[in-house]
Amino acid sequence: MKVLVTGSTGNIGYYVVEELLKRDVKVKAAVTSLDKGKKIFANLQVELTALDFLKQETFSRALEGVSKIFLMRPPHLAKPKSDILPFLQEAKKMGVEQIVFVSLLGVEKNPVVPHRKIEVFIRELGFQYTFLRPSFFMQNLNTTHQDDILLRDELFMPVGKAKTSFVDTRDIAEVAAVCLTEEGHSNQAYTLTGVEGINYYKVASIMSEVL
């Protein structure tokens with residue numbers, strides 16, 4: 001079995017690569033830059049492949065020998081029918097059996113978001129699938145909101161006292177690896193959250209104490 005990991009240098013994909021290697025799975029890491037990929041995966045035994053969802057000429061080499069895919073939607077691609085569907089169609093032609101797709105919390109109630117449309121495409125094409133629907137990433141606090149915290153000592157967002165069940169991307173990656181390597185997860189959708197819902201006042205209090 002060989003697994004193609006898309007988004008392999010990202011805050012979920014990299015950990016998926018690590019988790020699969022722990023399970024002695026052959027990994028093909030899809031990257032947009034082979035030079036960057038060589039640096040990031042210098043100490044890991046992975047096969048690198050260039051993949052651009054907007055360039056169909058990159059599909060066949062990336063999919064060669066692959067039986068399963070861990071799929072991430074690049075955030076800047078918002079038109080699934082033109083941006084993602086051609087890749088999925090090529091994957092089906094080349095014999096890919098299973099896709100584990102990182103979708104979105106509550107996507108089953110929201111037909112407008114790209115993730116929902118990608119879920120539909122995966123089902124319609126007849127793949128074995130597992131949809132992971134995570135809550136807000138804990139890592140967003142030290143990436144997306146890093147400057148707010150570091151430079152201005154604040155968390156600024158229009159959420160009031162609403163609570164969020166933050167989930168660690170490393171946990172998402174471990175779930176993905178389980179779904180790719182163990183039986184019983186075909187044609188399932190899993191909502192993934194942290195163990196507790198907390199508001200941003202609590203987040204700010206915890207970070208203030210630690211930092």
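This is a predicted model: local features need pLDDT of at least 70, side-chain atom pairs count only at pLDDT 80 or more; totals for chains, interfaces and linings use all residues.
**Entry 1: salt bridges**

I began with charged pairs, since side chains of opposite charge can pair when their charged atoms come close. My count came to nine salt bridges, and I looked up three of them in detail. In one, the side chains of Lys2 and Glu47 meet with 2.9 Å from N to O; Lys2 belongs to strand E1 and Glu47 to strand E3 (residues 47-50), so that I noted a link between distant parts of the chain, 45 residues apart. In another, the side chain of Glu47 meets that of Lys28, and here I read 3.9 Å from N to O. Because Lys28 sits in strand E2 while Glu47 sits in strand E3, this pair ties together parts that are 19 residues apart in sequence. I then wrote Lys2, Lys28 and Glu47 down as one network, joined by salt bridges that share partners.

Is Lys28 buried or exposed? I found a relative accessibility of 2%, and with the limit for burial set at under 20%, Lys28 counts as buried. Glu47, for its part, is partly exposed, with a relative accessible area of 34%.

**Entry 2: helix H1**

I placed both residues in helix H1, where they are three residues apart, about one turn of the helix. The two partners fall into separate exposure classes: Lys22 is exposed, at 61% relative accessible area, whereas Glu19 counts as buried, at 11%.

I next listed the buried residues of H1 (residues 13-22), and found Gly13, Val16, Val17, Glu19 and Leu20.

**Entry 3: Phe41**

I turned to Phe41, which lies in the loop between helix H2 (34-40) and E3. Phe41 is buried, its relative accessible area being 4%. Leaving out residues up to four places away in sequence, I found that Phe41 touches Ser8, Thr9, Tyr14, Val17, Ala29, Val31, Val46 and Leu48. Val17, one of these contacts, is also among the buried residues of H1. As a separate check on distance, I took Phe41 and Ile198, which are 157 residues apart in sequence and 35 Å apart in space, C-alpha to C-alpha.

**Entry 4: Ser103**

Where does Ser103 lie? I located Ser103 in the loop between strand E5 (98-102) and helix H6 (114-125). Ser103 is buried, with 5% relative accessible area. Its side chain makes a polar contact with the side chain of Glu119, at 2.7 Å. Apart from neighbours within four places in sequence, I listed His115, Glu119, Leu132, Arg133 and Pro134 as the residues in contact with Ser103.

**Entry 5: pockets**

Last, I looked at open space, because rolling a probe the size of a water molecule over the atoms shows where empty space is left. The largest pocket holds about 700 Å³ of space. Its lining is made up of 31 residues, and I marked Gly7, Met72, Arg73, Pro74 and Pro75 as those nearest its centre. Sorting the lining of this largest pocket by kind, I got 15 nonpolar, 13 polar and three charged residues.

For the second largest pocket I noted a volume of about 190 Å³. The residues that line this second pocket are Ile149, Leu150, Asp153, Glu154, Leu155, Ala204, Met207, Ser208 and Leu211, and they divide into six nonpolar, one polar and two charged. Which helix gives the most to the lining of the second largest pocket? I found that helix H7 (146-152) and helix H9 (200-210) each supply at least two residues of that lining, and that H9 gives the most, with three.

Technical notes:
Residues are numbered from 1 along each chain as its sequence is written. Side-chain values use heavy atoms; hydrogens and water are left out. Helices (H or I, at least four residues) and strands (E, at least two) are DSSP runs, numbered from the N terminus. Buried means under 20% relative accessible area, exposed over 50%, partly exposed in between (1.4 Å probe, protein chains only). A polar contact is a pair of N or O atoms within 3.5 Å; within protein, one must be able to donate a hydrogen and the other to accept it, and residues adjacent in sequence count only if both atoms are side-chain atoms. Contact means heavy atoms within 4.5 Å. On a 1 Å grid over the protein atoms alone, a cavity is a set of points where a 1.4 Å probe fits but cannot get out, and a pocket is an open set with protein on both sides within 12 Å along at least five of seven lines; lining residues have an atom within 4 Å of a point. Grid points are joined across faces, edges and corners, and a volume is the space filled by probe spheres set on the points. Ala, Val, Leu, Ile, Met, Phe, Trp, Tyr, Cys and Pro count as nonpolar, Asp, Glu, Lys and Arg as charged, and the others, Gly among them, as polar. A salt bridge is a side-chain nitrogen of Lys or Arg within 4 Å of a carboxyl oxygen of Asp or Glu.
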